[in-house]
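Good morning, and thank you for coming. Please look at the sequence and the model on the screen while I speak.

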2 protein chains.
Amino acid sequence: MSEVVEPMRLVHLLRGLTVELDLFGAEFATRNGLHPTDLRALIHLLDAARAGEVVTPGRLGEALRLNSAGTTGLVDRLERLGLIRRERDPQDRRRVRLLVEERAMELGEGFFGGLIGDLVAAMGQFEPGELDTARRFLTAMTGVVAAARET
Amino acid sequence: MSEVVEPMRLVHLLRGLTVELDLFGAEFATRNGLHPTDLRALIHLLDAARAGEVVTPGRLGEALRLNSAGTTGLVDRLERLGLIRRERDPQDRRRVRLLVEERAMELGEGFFGGLIGDLVAAMGQFEPGELDTARRFLTAMTGVVAAARET
DNA sequence: GAAAGTATCTCGCTGAGCGAGAGAATAATG
DNA sequence: CATTATTCTCTCGCTCAGCGAGATACTTTC
């Protein structure tokens, strides 16, 4: 059940996967009254929270490629939805800390939970060595795209 | 140089890859005076053209999850940019065929060309068997996401 | 040939995100 | 220390992508 793969086929597979993931995200977002940007922000905030990092509007906007006005609007929206809370940084009172609310974690759980479970289950059909190959492959491809972005 | 991979690490890699590809697309789009949606439409149109399929505004809007008003706007925009041309279908004169202009192919080339070359080059570091594993892995993951979207 | 169905477009509107710049706090310089 | 420069966030006014509702033109069905 093995075959010689043309590189272009893998390129199309990579693209197809991102299309599917984007659509999945967009559909989840609209089902929950969010915009795609809001979901991207939520993911970023949850990742940072798990890593114990402080996120400010500035950092969030930078990550999502929004200007400051757009970022303020985004943060307003997330706050209005009860997903995050603003809190002035007592160390540097120009800064605002974005704190993730319980509700955001639950939403994130709802988004990832099901899908991640399915993905992990599907990975069970692969040998450990194959999963390591997949890891190296994905790492290499991500590196190429990231490098191409710099140019 | 092989290791036992936790499934969650692969999940994060998949997500990271889509983030990078999305950013790459968004940056390419703005550099060329396009919106992300325009680029997605262009990709869809070029794929269809290569497969010899006829694309109508209806089909395009469906693929991109836009309603008819938004689709008309998108097609207007692409036409104004000289990327596509409208032509009434002589068989069923309610329909409009979207024809890809030369300029769109060149743009697509500019978008994919460089990146695809780099991706294919990076694939050269992998054994044929490893590439086949990657193919099976990506196919499986894409299938899982597509299936999850149905729900 | 009237009625129902399909494909596209128009109109008016909402709101995400932009550019410019104001305000508040901190850091650097004389 | 006072002043100037810098940093972070927010406000204001605006543009335009995309939506809902419905008009229009063409085709199929009965």
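This is a predicted model: local features need pLDDT of at least 70, side-chain atom pairs count only at pLDDT 80 or more; totals for chains, interfaces and linings use all residues.

Let me begin with the pair. Chain B can be laid on chain A by a turn of 180° with a shift of 0.0 Å along the axis, and the RMSD is then 0.0 Å. The two copies are thus related as by a two-fold rotation axis. As for how they meet, 100% of the interface residues of chain B are also interface residues in chain A, so the copies meet through the same surface.

I turn now to chain A. Its secondary structure consists of six helices and two strands. In sequence order the pattern is α-α-α-α-β-β-α-α. How does the spread of this chain compare with a compact globule? The globule rule gives 15 Å for 151 residues, whereas the radius of gyration of chain A is 19 Å, so the chain is more spread out than a compact globule. Along its principal axes, the C-alpha trace of chain A spans about 60 × 35 × 25 Å. Of its 151 residues, 25% count as buried.

Next, a single residue. Ile84(A) belongs to strand β1 of chain A, which covers residues 84-88. Is Ile84(A) buried or exposed? Ile84(A) has 25 other C-beta atoms within 10 Å, and the cut-off for a buried residue is 20 or more, so Ile84(A) is buried. Beyond its neighbours within four places in sequence, its contacts include Leu45(A), Leu78(A), Leu98(A) and Val100(A). Ile84(A) and Arg103(A) are 19 residues apart in sequence, and their C-alpha atoms are 8.4 Å apart in space.

Finally, consider helix α2 of chain B, residues 36-50. At 1.5 Å a residue, its 15 residues should span 21 Å, and its end C-alpha atoms are 21 Å apart, which agrees. Which residues of this helix are buried? They are Arg40(B), Ala41(B), Leu42(B) and Leu45(B). An α-helix has 3.6 residues a turn, so residues three or four places apart point the same way. The buried residues of α2(B) pack against α3, α4, β1, β2 and α5 of chain B. After the helix comes Gly52(B), with a positive phi near 70°.

How values were computed:
Residues are numbered from 1 along each chain as its sequence is written. Chains are lettered from A and ligands numbered from 1 in the order in which they are written. Copies are superposed by least squares on the C-alpha atoms of residues with pLDDT of at least 70 in both. Two residues are in contact if their C-beta atoms, placed from the backbone, lie within 7 Å. Helices (H or I, at least four residues) and strands (E, at least two) are DSSP runs, numbered from the N terminus. The radius of gyration is taken over C-alpha atoms; the globule rule is 2.2 Å times the number of residues to the power 0.38. A residue is buried if 20 or more other C-beta atoms lie within 10 Å of its own, exposed if 12 or fewer, and partly exposed in between; C-beta atoms are placed from the backbone. The expected span of a helix is 1.5 Å times one less than its number of residues.
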